Amino acid sequence: MTRADLDKQPHEVAEMFDGVAERYDLTNTVLSFGQDRGWRRATRAALGLRPGERVLDVGAGTGVSTEELGRSGAYAVGADLSTGMLRAGRAAGRTVPLVAGDALKLPFPDAAFDAVTISFALRNVVDTGAALRELGRVTRPGGRLVVCEFSHPTNAAFRTVYLSYLMRSLPSVARGVSSNPEAYVYLAESIRAWPDQAGLAARIAGAGPWSRVGWRNLTGGVVALHRATKI
């Protein structure tokens, strides 16, 4: 499996990410012009984590995002569908707990976490609503959700340039750094097909059990942070 299709079957998504695991973090940094580091820091800040709290990082990949969350003093756990990504994280020396887990059926009890987050992975789940409900299941009442995901640039001229980069240049750049450049064709297509900021906010509010849904843009709307509170 070199790439998944937009029907996002879980086994295809897992196999695709297994194939890019070895150079995934480097590729992300190159393709984002180094912005990925700032996005991770912004996600941690938006969660408002306190020492001693428990936070779950779904779609954690190699665990680089989970390590960032742990810098808050909270107990951070990463979960990912791709065992190849988890192996790459352990090989890279990650010390945070990393477990195999499907966003649609997380291996944790009800209300186990004070906060949950999913970064650049919600759009790869076959059933967004079911994933949002499952994230709610493992979050305590009053707990927080932050979704960090690619979105729609707010400036029309910038959006045109961005979409051109996404569909033409990104796959070409990926050929130079990724172990599976075809996967980045899928990733570009999935970003283009993803709803805008208001559309994702409506999905979060509609899925339940989330309230007080809001968002803020990063990098001109290339990425958006959506925040919500467990009812």
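Predicted model: local features only at pLDDT ≥ 70, side-chain atom pairs only at ≥ 80, totals over all residues.
Q: What makes a set of residues a nonpolar core?
A: A nonpolar core is a set of buried Ala, Val, Leu, Ile, Met, Phe, Trp, Tyr and Cys residues joined through side-chain atoms within 4.5 Å. Buried means under 20% relative accessible area, exposed over 50%, and partly exposed in between, with a 1.4 Å probe and protein chains only. The largest nonpolar core here has 38 residues, and those with the most contacts inside it are Phe17, Trp39, Val55, Phe150, Tyr184 and Val223. The elements that each supply at least two residues of this core are α1 (10-20), α2 (24-31), α3, β5 (139-150), α7 (156-177), α8 (182-193) and β7 (223-230). The largest share, six residues, comes from α8. A second, separate core has 25 residues, among them Leu56, Leu106, Ile118 and Leu122.

Q: What makes a residue a contact of Phe150?
A: Contact means heavy atoms within 4.5 Å. Leaving aside neighbours within four places in sequence, Phe150 has such contacts with Trp39, Phe120, Arg123, Tyr162, Ile191, Trp194, Val222 and Val223.

Q: Why is Asp80 called buried?
A: The relative accessible area of Asp80 is 9%, and therefore Asp80 counts as buried. Asp80 lies in strand β2 (residues 75-80); strands (E, at least two residues) and helices (H or I, at least four) are DSSP runs, numbered from the N terminus. Beyond four places in sequence, Asp80 is in contact with Gly59, Ala60, Gly61, Met85, Leu86, Val99, Ala100 and Gly101.

Q: Why is Thr62 described as buried?
A: Thr62 has a relative accessible area of 2%, so Thr62 is buried. Thr62 lies in the loop between β1 (54-58) and α4. Not counting residues up to four places away in sequence, Thr62 touches Ala21, Asp25, Met85, Ala88, Gly89, Arg94 and Leu98.

Q: Which residues does UniProt place under "binding site"?
A: The unreviewed UniProt entry places this feature at Thr62, Asp80, Asp102, Ala103 and Ser119. Such positions are given in the numbering used here, feature names are shortened, and annotations may be inferred rather than shown by experiment. From this set, Ser119 is taken in by the lining of the largest cavity.

Q: Why is Ser119 called buried?
A: With a relative accessible area of 15%, Ser119 is therefore buried. Ser119 lies in strand β4. Apart from neighbours within four places in sequence, Ser119 is in contact with Thr43, Val58, Gly59 and Cys148.

Q: What makes a space a cavity?
A: On a 1 Å grid over the protein atoms alone, a cavity is a set of points where a 1.4 Å probe fits but cannot get out, and lining residues have an atom within 4 Å of a point. Grid points are joined across faces, edges and corners, and a volume is the space filled by probe spheres set on the points. A search of the whole structure finds one cavity of 30 Å³ or more. The largest cavity has a volume of about 40 Å³. Its lining consists of Arg40, Thr43, Asp57, Ser65, Glu68, Leu69, Thr117 and Ser119.

How values were computed: Residues numbered from 1 in each chain as written. Heavy atoms only, no water. 1 Å grid on protein atoms, 1.4 Å probe; cavity = no way out; pocket = protein on both sides within 12 Å on 5 of 7 lines; lining within 4 Å.
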